[in-house]
Amino acid sequence: MQSLRTRRVYQQDDAAVPTLPLYRSAPPLEVRLEDFEAFAVDRLRVLKAISDGLSRGKKPDEMKKLVTELWRTHMRLPKPSEAVNKDVISHFVLRLVYCRTEDLRKWFLSMETTLFRYRFKNESPEAQRALMADFNLPYKAVNTAEFESVKDKLSQVARSFGQPLPTADTIFYKVPFEDVPELVASRRVYIHQGNAYVAMNQVVSLVVTQFRSFLSKALILTNRKWTSSIKEQEKDRLTPIVEVLSTSYLGPDYSQPRESAEISLKDIDNLARSSFPLCMRHLYEKLKEDHHLKHGGRMQLGLFLKGVGLKLDDALAFWRAEFSQKVGAERFEKEYAYNIRHNYGREGKRVDYTPFSCQKVISSTPGVGDHHGCPFRHFSEENLRAALGRMGVGNRGMDDIIDKVQNRHYQVACTLTFEAVHGSTCDAGINHPNQYFIDSQKILQSKNQPTM
Amino acid sequence: MNREEADNCREDMEIDGNEPEMPAQRHVDIMPDGFNANYLKAYYGKVFPHPDIFKWMCYGHDGKHPGCDPTYFSRREFSFTLDNDIYLRFQSYTSAYELESSIKEKCPFKIDIGPVYSVNPAKRHAYAQTGDNVFTPVERELIFDVDITDYDDVRFCCSGADICLDCWPLMTVAIKVIDTALRDDFGFNHILWVYSGRRGVHCWVCDGKARRLSNEQRAAIADYFRVYKGNENSNKKVSLVGPVLHPFLARSYTDVLRDFFEGKVLLSQNILSTEEKYEKILEMIPDESVAAELRGKWQEKRKANGLKDDINVVRWEQLKSLLYSGKLKHIQGLRRCVEEIIFSFTYPRLDMEVSKHMNHLLKAPFCVHPKTGRVCVPIDPNDCEKFDPTTVPTLSQLLQELNMSGSRADIDDELDRTSLGRAVRYFRSSFLQPLLKSCKDELESAYNSRLQQSKNSLSW
């Protein structure tokens, strides 16, 4: 790791510095303690804003612009070498901060990968090719003869998602399909006999996959070093900074409901009507109607209720009361009770699962017979209007909300719903169903307080 | 940790009143008396192909080659569901004899196969969750599960656990589409399709490359196959964007789906025969005035002399010519709508969760389904149109066959006297033998290259 002193010494190297570092190893730099924290905070602002942008459903070109702006706002420094140092140092500091639990690692990996992806896309083709070489990717470009034989299929793929048709000059790489999972998943490549034909402008996917895989392993190693030596060695200097950094910007995960926030079985019905966000209301209503929910719905609603303060015994009673009407008490105990206890960390791995954030809810796609996911994303306009009407949203508010939905700003739509239903503003915006619930309860309870 | 067994947690849905238009099809379910622990004991004693399952699970690591990994088989998880729903996970065995004895002794109602772990599952508690010495899956076949209840919104002959020969072809189509893609697009060769015993099919892709796929790569393949999204709250479940289809979808459409829809589904499901049914189709048309025009045509009473062609065929032709007509080509998404309708009714619907995680358990081939008594037999993808789930051998049938043929010591003969003999022979010749040969080749070359490496690294 880096050696740190109180005086600033920067690496004097004004030769051409690569603008997009790969963070392969911690550089031998010396950094002021103040910068240690300040650089990390600035980078964290960038990562958090990226996280926000993703959960608001921003499209790729919007994200590209966002990343450019964010980087310029928070990470720019007058001298290029200084800027690169800040880039590298802040990354490695945040590795220390975010290596310590699986959830933190997952978040950091996701955001750093996204950041890298859009910064890579912003580079020139030559710079991209150079970076590709740095990754030591063993892929061969497709030669003319082979290109001719697959040209029709390549054109078909390009047309299928609105890309310009490949010409004789377009470079394609033949890559094992395992190395480009995102392109395979979105059907943006032609695959034949296990090989994917990746266009130059898709190369970003290859590189990002490598970046992600490398960083993922590095984080595990960092965690090991942290727990075995660094945490103790630095307990008077870096450790307190590191420990504060992770909690201050990620926002609460609602896995531990506050003491005062217990709810009992009989409250649920009223709470569903007054304070549940639409996604949970819908699940709750369907559960009452069908006396059943499929796995995705049970997870989403079950964990939400846990976050709201429903204790395990009450949760079991709640689900049993509904399910036994459909499948009988015996089958409930055999097939479903285990999973509920599992969600509360009483079985198996004993992991205490956290309620889903909006980002997670939005990204899950319901299938046949499912009712989970984000209704703002999946309901037809007609059904959405009906559901919002039942929540008490008036006509004028309705049109605003539908407009946001059509522009794919699902969380903003939910925020507007919240505001319409409660008659007050929600400046922070809705990021988590449990946040919706807590904020709603706050407003309702303050209305109940007698005023002098 | 696997939380949902695809078979166990599927709900039985209410059965609609059947339309009396078609003659009653032979159904799959038989009397539950045809399944019990005694029958099962005899089945595991005399019919279940223990040695073949063992050879398969060894993937060539049978100890006969110096390059074999002697721990490989013992790191595989099996799980048994016993009578009265007792569930045993993380069972593992070190030999064929151990596996066979355990099955015969415990007589499981269901045998599931899990992944190969980093260490013997019996020792898992000694290992940590994270870090170097983890207990984690390291190999697992790429698997797919197609269940006909996922098609309930597009089949009208049956619903829930029922199937018949009118809706079973949906499974045939799923096999054809997926199998072709697995071989041609992904380059896999060792693929086993198995009847799930009641209402679906399972697929096991056993190439080394497939077994070593990560969760992310499995999810990518599952997403490559996914077309159907949404549920009763969204209007359109299939959304095919883009001016042309990806070659995989286009091939599936022209080679399989379109003919299947126009030749079979239209008629056997009477898709356009009643108002309730054709409204569902009209809902999928993006332009209300076009839908209204068709509705108007179809609400007219049929002319007496127009009865030569089936009404579904007539109406489908009307729909197609309107949606494809030149004067309407400015309406976005109209032409594509014909394909979307066909995809909605025919394109395979996979259970994504089954394929995405290495630790997902799946029922072993040659198990007997407790509710139907039918054996989970392999299906030949090249001949899948001929597969008839209503004629799959049942437990009681097999035992009757055994009884009638008298007792003989030779196991192979016994198998051949039953109708399962053919299924086992197919399993061996079309799947197991080619797989084992390729495993041996892989083992050899890996071993040789290791030898070479160690030779090269000798230095003085």
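## Getting to know chain A and its partner

Q: How many residues of chain A are in contact with chain B?
A: In this predicted model, 49 residues of chain A are in contact with 49 residues of chain B.

Q: And which residues of chain A lose the most area to chain B?
A: Those are A:Glu178, A:Arg187 and A:Val368, which together make up 16% of what the chain A side buries.

Q: How much do the two chains bury between them?
A: Chain A and chain B bury about 4100 Å² between them, and 52% of that area is on carbon and sulfur atoms.

Q: OK, stepping back, what does the secondary structure of chain A come to?
A: Chain A has 21 helices and four strands, and of its 452 residues, 50% count as buried. Among its contacts with a separation of 6 or more, 69% are between residues 24 or more positions apart.

Q: In what order do the four strands sit in the sheet?
A: The sheet is open and runs β1-β2-β4-β3 in chain A, with antiparallel pairing.

Q: Which strands stand at the edges, then?
A: β1 (140-141) and β3 (190-192) of chain A do; each has a single partner strand, so one side of each is left without a neighbour in the sheet.

Q: Over how many bridges do β3(A) and β4 pair?
A: β3(A) pairs with strand β4 (residues 195-199) of chain A over three bridges, in the antiparallel sense, and the bridge partner of A:His192 in β4(A) is A:Asn195.

Q: Switching to helices: what should helix α4 of chain A span?
A: Helix α4 (residues 102-121) of chain A has 20 residues and should span 28 Å at 1.5 Å a residue, which agrees with its end C-alpha atoms being 28 Å apart.

Q: How many of the residues of α4(A) are buried?
A: The helix α4(A) is mostly covered, with 15 of its 20 residues buried.

Q: What caps the N-terminal end of α4(A)?
A: A:Thr101 does, through a side-chain oxygen that lies 3.1 Å from the backbone nitrogen of A:Leu104.

Q: One more residue: where is A:Tyr410 found, and is A:Tyr410 buried or exposed?
A: A:Tyr410 is found in helix α20 (residues 410-422) of chain A. A:Tyr410 counts as buried because its relative accessible area is 11%, and the cut-off for buried is under 20%.

Q: What is A:Tyr410 in contact with, leaving aside its neighbours within four places in sequence?
A: Leaving those neighbours aside, A:Tyr410 is in contact with A:Ile362, A:Cys374, A:Phe376, A:Arg377 and A:Val405.

Terms used
Residues are numbered from 1 along each chain as its sequence is written. Chains are lettered from A and ligands numbered from 1 in the order in which they are written. This is a predicted model: local features need pLDDT of at least 70, side-chain atom pairs count only at pLDDT 80 or more; totals for chains, interfaces and linings use all residues. Side-chain values use heavy atoms; hydrogens and water are left out. Helices (H or I, at least four residues) and strands (E, at least two) are DSSP runs, numbered from the N terminus. Buried means under 20% relative accessible area, exposed over 50%, partly exposed in between (1.4 Å probe, protein chains only). Contact means heavy atoms within 4.5 Å. The expected span of a helix is 1.5 Å times one less than its number of residues. A polar contact is a pair of N or O atoms within 3.5 Å; within protein, one must be able to donate a hydrogen and the other to accept it, and residues adjacent in sequence count only if both atoms are side-chain atoms. Two strands pair if DSSP finds at least two bridges between them. Buried area is the accessible area (1.4 Å probe) that two parts lose on being put together, summed over both.
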